[in-house]
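Hi,

Here is the structure I promised to pass on to you. Have a look at it first, and then read on for what turned up in it.

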Amino acid sequence: MADSSGPSLPPPRLTLLNPGPVMTDERVRAALSYPDVCHREDEAAALMNAVRAKVTRLCEGTERHTSVLLTGSGTAALEAAFASIVPPEGKILILDNGNYGQRLQRIVDVHGVRHERLEFGWTVPFDLARIDEVLAGNPGFTHVGMVHHETSTGMLNPLREVGEIAERHGCELAVDAISSLGAEEFGLESHGVDWCVGTANKCLEGFPGMSFVCASHAAFERLADRSPATLYLDLYGHYAAQDKANAPLFTPAVQILYAFDRALDLALAEGTAGRAKRYGRLAEALRTGLRERGLRFLLPEEHMCRAVTNVHVPDGFTYTSLHDALKAEGFVIYACQDRLPDVFRVATMGRLDETDIDEFLSALDRVLGEGAR
Ligand SMILES: *Cc1c(COP(=O)(O)O)cnc(C)c1O
């Protein structure tokens, strides 16, 4: 039994190779110890506005665009967006090739949003011709929803191409960019994205607890007359509060926001291209090491995102035995959700460098050596 009379012990020091929450920079962590703050004072309003502007910049928004912050993990912002953006007479086509595509479908289903799901299967790339055909054959669609980087399989989906198809059919495109933003090429205008959903704690290297929706003012304004789908995650309500009244609708996770502000400064200074390069170098070092050790990847390399590598569990191990042995060495790997029980994930996102990858590969050697005995 855990002792409940005193504070919990600090967690062990581990290198996180799970796809978020990620390792953070010490400057981001230091922001958590700022003085206490009231969320309805000027300093909190200034903070929210600064973070919103930085998020919009990161999404390559123009002066037409703005961002709305939500307190909650990425799914909170997904639910706020996907429950709100489709009008009652509209319909959304959900593109699904993994766990997070399925989550989009579950959100619209829970909220009674009219939708159809185009399911390709896990690890199967989008069939662009099929998307075009479905939209052409059904004039009722007003929106298309998709995941940019399908974190469950590590597949990067063709955003720009879907953006072009959606535009051709007069549909708005809503994107879960939660695990791509900050490390994969992304632009609201350049990729034809109308609604972008992101979170603080993946490639933006902040803490879990804040997420956001970025879109044009005009798109937010179109939601004004709809009845909200939920009280807490009322997207237009949050937009109106943050953009017009200059005050949060409810109490935001202010401390997490201060840390996110620092994380955004670092992300903007490194730039998406710079971060893509860094993650790419880490992924290359990792994949070379894994290949040399005879491990096999789930996806052909051309479909892999630079932030996540999915690997078949080696012979003689289960996911759990491999995970536990690596954790004892100081590294956290991640499971691949129920559908792929014999696959593990190693993320190359967050504050990591080549030494971390080298040390991970050495730890893996020790674990594989033990396992073979
Ligand atoms: C992490 C993630 C989410 C959100 O998960 P939360 O646990 O709510 O943060 C959604 N979509 C994708 C693609 C993700 O990688």
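This is a predicted model: local features need pLDDT of at least 70, side-chain atom pairs count only at pLDDT 80 or more; totals for chains, interfaces and linings use all residues.

Pro21 is found between strand 1 (15-16) and helix 1 (26-30). The peptide bond that joins Gly20 to Pro21 is cis, with an omega of about -5°. Further along, the loop between helix 2 (42-58) and strand 2 (65-71) holds Glu60. Glu60 is not a glycine, yet its phi is positive, at about 55°. Why point out these two spots? Most residues other than glycine have a negative phi, and most peptide bonds are trans.

Where does it sit? You'll find the ligand in the second largest pocket. Two elements give two or more residues to the shell around it: helix 3 (74-82) and helix 4 (99-110). Helix 3 supplies the largest share, three residues. There are 13 residues around the ligand, and the ones that come nearest are Ser73, Thr75, Thr151, Asp176 and Lys202. Sorted by class, the shell has six polar, four nonpolar and three charged residues.

Which atoms meet the ligand's oxygens?

- Lys202: an N or O atom of its side chain is 2.8 Å from an oxygen atom of the ligand.
- Gly74: here it is a backbone N or O atom, 3.2 Å from a ligand oxygen.
- Arg103: a polar atom of its side chain lies 3.4 Å from an oxygen atom of the ligand.

How much of the ligand does the protein bury? Taken alone, the ligand exposes 380 Å², and the protein buries 86% of that.

Last stop: a sheet. Strands of a sheet pair through backbone hydrogen bonds, either parallel or antiparallel. The one to look at here is an open sheet of three strands, in the order 11-14-13, and its pairing is antiparallel. Strand 11 (308-312) and strand 13 (334-335) are the edge strands, each pairing on one side only. How many bridges join strand 11 to strand 14 (residues 343-347)? There are five, and these two strands run antiparallel.

How values were computed
Residues are numbered from 1 along each chain as its sequence is written. Side-chain values use heavy atoms; hydrogens and water are left out. A residue is near a molecule or strand if one of its heavy atoms lies within 4 Å of it. A polar contact is a pair of N or O atoms within 3.5 Å; within protein, one must be able to donate a hydrogen and the other to accept it, and residues adjacent in sequence count only if both atoms are side-chain atoms. Accessible areas come from the Shrake-Rupley method with a 1.4 Å probe; for residues, only the protein chains shown count as cover. On a 1 Å grid over the protein atoms alone, a cavity is a set of points where a 1.4 Å probe fits but cannot get out, and a pocket is an open set with protein on both sides within 12 Å along at least five of seven lines; lining residues have an atom within 4 Å of a point. A molecule sits in a cavity or pocket if more than half of its atoms lie within 2 Å of its grid points. Helices (H or I, at least four residues) and strands (E, at least two) are DSSP runs, numbered from the N terminus. Ala, Val, Leu, Ile, Met, Phe, Trp, Tyr, Cys and Pro count as nonpolar, Asp, Glu, Lys and Arg as charged, and the others, Gly among them, as polar. Two strands pair if DSSP finds at least two bridges between them.
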